[in-house]
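Hello,

Here is the structure I promised to pass on. Please open it first, then read my notes below.

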Amino acid sequence: MSNTDTTESQRKGSHGSHGPIGRHAIEAFALLGHKTRLEILLAIWKAHDLRADDNAVAFSQIRKRVEHDDPGNLRYHLEQLDGQFVRQQADRGGYELRVPAQQLIQTVIAGAGVHDEYLEPTDIDQQCPFCGAQTVMSYREGILFWACHECGGMTPGQDFASFDPPGPLTAHPFDPAGLDEWTPDELRAASTVVGRRRLRSAFDGVCPNCSSPVDSWFDWCPDHNSDGCDDCGLRFGTTAHFRCRTCDHHDGSTPKHLALFHPAVVSFYDNHGISTRVRADDFEHARRIYSLMLSHQVTVVEDDPIRVTVTASQDDEMIRLTFDETVRVVDVCR
Ligand SMILES: [Zn+2]
Ligand SMILES: [Zn+2]
Ligand SMILES: [Zn+2]
């Protein structure tokens, strides 16, 4: 199996878990490690009006919302937040949330790590592309899974029964707040939208979690067997990898999928009357685009350094992208 020369230390850069970013994170969480402080942030956020010119919330108002019986102590906690999370508007006599605090509150509302949501495996109207069986959506620990319980999904060469869920087809981080808002079919389409957004960001070189640079490379399996490979265990023998240098976020994708991000491919399909856009409320179309993506042909044309082509065809016409060893498109051929 070929790999790049990206070492662990290169991937982590100079900001490993003990570097300056780790220290800043520890300091920020220490600052918030008190129930009253989170209550203060929520109280200011609740008073926030997106359309208002003045969002400064007076101390008396904060005190009313937090219901703290010691105003001196409440003021102490508020002062601890002043600067990093809260800004005092002296001229307007109140406090405002700074952008990092707004993002933090949005994370709390999205429910990540707060609600322990769970979705039992639920049938959706999409057959497994590999064995034709009914597929299911399920959710646990913040991940939305689409899976086939009859075959190995994307990992046919591994003991798929030991996976939870067995036969994973896709797995995407998904905030629990969105879980009840969609039907199971729509969840499948919504997870496609979320997965594409995150993959697109990594493919464009920015970590979707922490906005740091991303390293990318190909792994490929020279003697691959797509029905159950003893060497790699995966459905597809060529995988593009993306790893964040700071937070270690990792995403892997078949290059079939990456081709859909290239403007020449988007325009190729558009010329054939097909929009590659996926919307969460259009499950039918999301299903169609998934089939289209799977129909792309992947070939390793050179192995040192690796060159990978992806070919899409419609009505006797074709387009071919060539990726280099850093997963950048270096050639487009029509
Ligand atoms: Zn299957
Ligand atoms: Zn293999
Ligand atoms: Zn990151």
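**Salt bridges**

Arg 287 and Glu 284 are three residues apart in helix H10, so about one helical turn separates them. (Helices are DSSP runs of H or I with at least four residues, strands are runs of E with at least two, and both are numbered from the N terminus.) The two side chains form a salt bridge, with the closest N and O atoms 3.0 Å apart. That term means a side-chain nitrogen of Lys or Arg within 4 Å of a carboxyl oxygen of Asp or Glu. Arg 287 is partly exposed, at 22% relative accessible area. Glu 284 is also partly exposed, at 49%. Here buried means under 20% relative accessible area, exposed means over 50%, and partly exposed lies in between (1.4 Å probe, protein chains only). Salt bridges with shared partners join Asp 125, Glu 284 and Arg 287 into one network.

A note on the source: this is a predicted model, where local features need pLDDT of at least 70 and side-chain atom pairs count only at pLDDT 80 or more, while totals for chains, interfaces and linings use all residues. Residues are numbered from 1 along each chain as its sequence is written, chains are lettered from A and ligands numbered from 1 in the order written, and side-chain values use heavy atoms, without hydrogens and water.

How many salt bridges does the structure hold? There are eight. One of them joins the side chains of Asp 215 and Arg 245 (3.0 Å, N to O). Asp 215 sits in strand S7 (residues 214-220) and Arg 245 in the loop between S8 and S9, so this pair ties together parts 30 residues apart in sequence. Asp 215 is buried, at 12%. Arg 245 is partly exposed, at 33%. Arg 279 and Asp 281 also meet in a salt bridge (2.9 Å, N to O). Arg 279 is partly exposed, at 42%, and so is Asp 281, at 46%.

**Nonpolar cores**

A nonpolar core is a set of buried Ala, Val, Leu, Ile, Met, Phe, Trp, Tyr and Cys residues joined through side-chain atoms within 4.5 Å. The largest one has 53 residues. Phe 174, Phe 242, Leu 258, Tyr 269, Phe 323 and Val 327 touch the most other members. H7 gives this core its largest share, seven residues. Another core lies apart from it, with 20 residues, including Leu 31 and Leu 97.

Look at Phe 242. Beyond four places in sequence, its contacts (heavy atoms within 4.5 Å) include Leu 199, Asp 215, Leu 258 and Val 327.

Is Arg 196 buried or exposed? Arg 196 counts as buried, at 13% relative accessibility. Arg 196 is found in helix H7. Leaving out residues up to four places away, Arg 196 touches His 257, Phe 261, Thr 276, Val 278 and Ile 289.

**The second largest pocket**

A pocket is an open set of points on a 1 Å grid over the protein atoms alone, where a 1.4 Å probe fits, with protein on both sides within 12 Å along at least five of seven lines; lining residues have an atom within 4 Å of a point. The second largest pocket has a volume of about 1,000 Å³, counted as the space filled by probe spheres set on the points. Its lining has 35 residues, and Leu 169, Ala 171, Asp 251, Gly 252 and Ser 253 lie nearest its centre. H7 supplies the largest share of this lining, seven residues.

Best wishes
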